[in-house]
Structures are given as structure tokens and as C-alpha cells.
Amino acid sequence: MGQIATMMSSSSHKSRDVLRTIDLARAAGISVQQVRNYETWDLLPPVTRSKSGYRLYTQHHLVALTTLRSLVKGYGWQRMPVIMKALHHGDLSAALATIDARHADLAHKRLQAEQTLSALRALASQPAPEAENIRPRTYRVGEAADSVGVRVSALHFWEQQGLLRPSRDRNSRYRIYDEQQMRRLRVVALLREAGYNFPSIHSVLEELAEGHPEQAISAVEKRREELTRASWSCVEAMTSFQRYVSEFYSDIL
């Protein structure tokens, strides 16, 4: 806490203007209760009080509010508190680890979308393949789940909803996913992540099963666009975060 107090002291020299709770709320475009909530949740720097007990906010707190609201757009309500709390406790490394994890997650999802698009476009441009003597690769349920980054229980649930139709091994009765079912699985995983409901996914899958992957391609392209917007929100959030750290926490860089 001594380090934080020192930071606050140095930041007060940068802006001598003192803001009341109502002033801070108006400047940030939020309610007084929201300001109090953010303070209670430890998302703002420590706040000093006047002799009469009133909170004395500064530009440090206003920039913190602007930063955390920007972080919500790019990193969500779960990651934003982790980032802000780590920074306010002088742990820039922990804050950046959370940021990096979000970027890695987006990169993984974008790779999945691109791979699915490539497969669907290849399917759309080629005639139905002739039967071959080479036995196609198959996947057990655990392998199939790992390939798209979801739990096995999700595959079971999607199967119950009629989205997946794996075959069964004649001897072991294990579920088996062939290439066709894996295409369905990749599309289901992407569209569920994007918030599509089951009827909409059913419609896309039926088009795919009938040899018309255009609707599936359109849906995955839309998902890719959403990922692009999410990445851009992260870029904008990082602009605010970088300015906040440089102005008020330059000694921990």
C-alpha cells in the first residue's frame, strides 16, 4: 500500500483539481452509485477524504474510470477487474498476463474460423468425392472435443439437441466422428460461441448436409467479422491502458 500511496501523491501533482463524487460521475457519464460500486470493488485507486469525510477524487480516478470502461469493451467484465486490481497493486505482470490470455483466446478462435472456412469453401467448390479404398480418419469423442476446445459434455448435449450424429463402434459402442461429423462439429462450436440459437444452427447444418454449404460459409464469415471487431476493441482498450499506466504508474514499467 505504501507504493500505491506514493503513486497517488505523485499523481496529485499532475492535477490539483479535486472532484466530488457527483463531479466524477458526471465527467465519466455514469451514476454516483456506479462510482461507489467501482470503489467498493477495488477498481479505482485509493481515495482520500476531507476532514469532514467527503471523498476527494482526482484526475487519476477519472482516467481510471475511462480506462476500465474501455477494458470492458475489449476484455469483458470478468477480465477487467483482474487487470485493474493487479495494476493498482503494482503488479503489471499479472495485468499483462490476463491481457495476453485474451489475445491468445481470440487468436485461437480466429484460427478455428479460418480453418472451418477453408474446409467449407473447398467443399463448395468440389464435386462429391468418389468412394476411396483408403479408410478416412475417425475421431473418438474426447479427440473431437479437444480439436475444437470444448468439453466432452458439450458434444453429448449437442448430440441430444440433434446437432451432431456420431456413429457407434460395433464392438466398444464408443462414439465415432468421421470427417463429415467433424465439419458439423466445427460449425456448431463456432456458432454456439457466437451466440447462435439451436434452431438457427439446425438450419445451417441442414444446408450443409444437403450439399449447400453457402449458409454455413456466411455464418462463419459473420463470426470472423465479430472476432475482428473484438480484436479492435482490445486495441482501443490498450490505447487507454497504455496511457493510464504511462501517466500514473510509470515507475513499475
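Author: A residue counts as buried when its relative accessible area is under 20%, as exposed when that area is over 50%, and as partly exposed in between, with a 1.4 Å probe and protein chains only. This is a predicted model, in which local features need pLDDT of at least 70 and side-chain atom pairs count only at pLDDT 80 or more, while totals for chains, interfaces and linings use all residues. Residues are numbered from 1 along each chain as its sequence is written, and side-chain values use heavy atoms, leaving out hydrogens and water.

Reader: What makes the pairing of Arg 224 with Glu 114 a salt bridge?
Author: The term asks for a side-chain nitrogen of Lys or Arg within 4 Å of a carboxyl oxygen of Asp or Glu, and the closest N and O atoms of Arg 224 and Glu 114 are 3.3 Å apart, so the pair qualifies. Arg 224 lies in helix H10 (residues 214-248) and Glu 114 in helix H5, so the bridge ties together parts that are 110 residues apart in sequence. Helices here are DSSP runs of H or I with at least four residues, strands are runs of E with at least two, and both are numbered from the N terminus.

Reader: Which parts of the chain does the salt bridge between Glu 39 and Arg 55 tie together?
Author: The closest N and O atoms of Glu 39 and Arg 55 are 2.8 Å apart. Glu 39 belongs to helix H3 (residues 32-40) and Arg 55 to strand S2 (residues 55-56), so parts 16 residues apart in sequence are joined.

Reader: Is Lys 109 buried or exposed?
Author: Lys 109 is buried, because its relative accessible area is 14%, whereas the limit is under 20%. Its side chain meets that of Glu 193 in a salt bridge (2.6 Å, N to O), which links helix H5 (residues 92-125) to helix H8 across 84 residues. Glu 193, at 43% relative accessibility, counts as partly exposed.

Reader: How do you know which residues line one face of helix H7?
Author: The buried residues of H7 (residues 152-160) are Ala 154, Leu 155 and Trp 158. Seen down the axis of H7, they fall within an arc of 100°, so they line one face of the helix; the arc is that of the directions from the helix axis to the C-beta atoms.
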